[in-house]
Amino acid sequence: QVQLVESGGGLVQAGGFLRLSCVASGIDFSTHTMAWYRQAPGKQRELVAHITRDGTINNADSVEGRFTISRDNAKNTVTLQMNSLKTDDTGVYYCYAASEYYPRDYWGQGTQVTVSS
């Protein structure tokens, strides 16, 4: 059974920081690209950042310089360090895994991030 379990969401003030974690089980974590997506009410789900098997990182323009994605293959964990948070960062954040060898992907249940002014 494949599971992606997010944690670390919560309520923070603008300018604050938060760290999200996602622990994967049931997959060969080291062969998957990992990513964070988010979705605000009334908005489409959007890519926040992703990191490939070899450590290549891409960030959305809106979070460049503020958010940092990283992975720890020994712990089957991907993290998202979010700094200088803005109210527009509010939304449900989802962990995502995509095999780099097969057409298989997986989603977590999401964790709420709310940034207040």
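What follows is a tour in stops, starting with the whole chain and then going residue by residue.

**Before you click**

This is a predicted model: local features need pLDDT of at least 70, side-chain atom pairs count only at pLDDT 80 or more, and totals for chains, interfaces and linings use all residues. Residues are numbered from 1 along each chain as its sequence is written, and side-chain values use heavy atoms, with hydrogens and water left out.

**Stop 1: the whole chain**

Colour by secondary structure. The protein chain comes to 0 helices and 11 strands; here helices (H or I, at least four residues) and strands (E, at least two) are DSSP runs, numbered from the N terminus. With a radius of gyration of 14 Å, close to the 13 Å that the globule rule gives for 117 residues, the protein chain is as compact as a globular protein of that length. That radius is taken over C-alpha atoms, and the globule rule is 2.2 Å times the number of residues to the power 0.38. Along its principal axes, the C-alpha trace spans about 40 × 25 × 25 Å.

Now colour by accessibility. Of the 117 residues, 42% count as buried. Buried means under 20% relative accessible area, exposed over 50%, and partly exposed in between (1.4 Å probe, protein chains only). For contacts between residues at least 6 apart in sequence, 55% join residues at least 24 apart, where contact means heavy atoms within 4.5 Å.

**Stop 2: the disulfide**

The link is left-handed, with -80° about the S-S bond. It ties together distant parts of the chain: Cys22 is in strand E3 (residues 18-25) and Cys95 in strand E9, 73 residues apart.

Are the two cysteines buried or exposed? Cys22 counts as buried because its relative accessibility is 0%, and Cys95 counts as buried at 0%.

**Stop 3**

A pair of aromatic rings is described by the distance of the centres and the angle of the planes. Rings of Phe, Tyr and Trp (its six-membered ring) pair if their centres lie within 6.5 Å; planes under 30 degrees apart count as stacked, over 60 as edge-to-face and the rest as tilted.

By this rule the count comes to 4 aromatic pairs. One of them is Tyr37 with Tyr96, edge-to-face at 5.5 Å centre to centre and 75° between the planes. Tyr37 belongs to strand E4 (residues 32-39) and Tyr96 to strand E9, 59 residues apart. Tyr96 counts as buried, at 14% relative accessibility.

Next, look at Tyr94 and Trp107: their ring centres are 6.4 Å apart and their planes at 90°, so this pair is edge-to-face too. Tyr94 sits in strand E9 and Trp107 in strand E10 (residues 105-107), 13 residues apart. Tyr94 is buried, with a relative accessible area of 14%, while Trp107 is partly exposed at 37%.

**Stop 4: strand pairing**

Select residues 111-116, strand E11. Thr111, Val113 and Val115 make up its covered face, and Gln112, Thr114 and Ser116 the uncovered one. E11 pairs in the parallel sense with strand E2 (residues 10-13) over 4 bridges; two strands pair if DSSP finds at least two bridges between them. Look for Gly10 opposite Val113. With strand E9 (residues 91-99), E11 pairs in the antiparallel sense over 3 bridges, and Gln112 is the bridge partner of Val92.

Then jump to strand E1 (residues 3-7), where Leu4 and Glu6 are on the covered face. E1 and E3 run antiparallel, joined by 5 bridges, with Leu4 partnered to Ala24.

**Last stop: Phe17**

Where is Phe17? Find it in the loop between E2 and E3. Phe17 is exposed, with a relative accessible area of 61%. Leaving aside neighbours within four places in sequence, Phe17 is in contact with Val12, Gln81, Met82, Asn83 and Leu85.

Terms used:
A disulfide is a pair of cysteine sulfur atoms within 2.5 Å.
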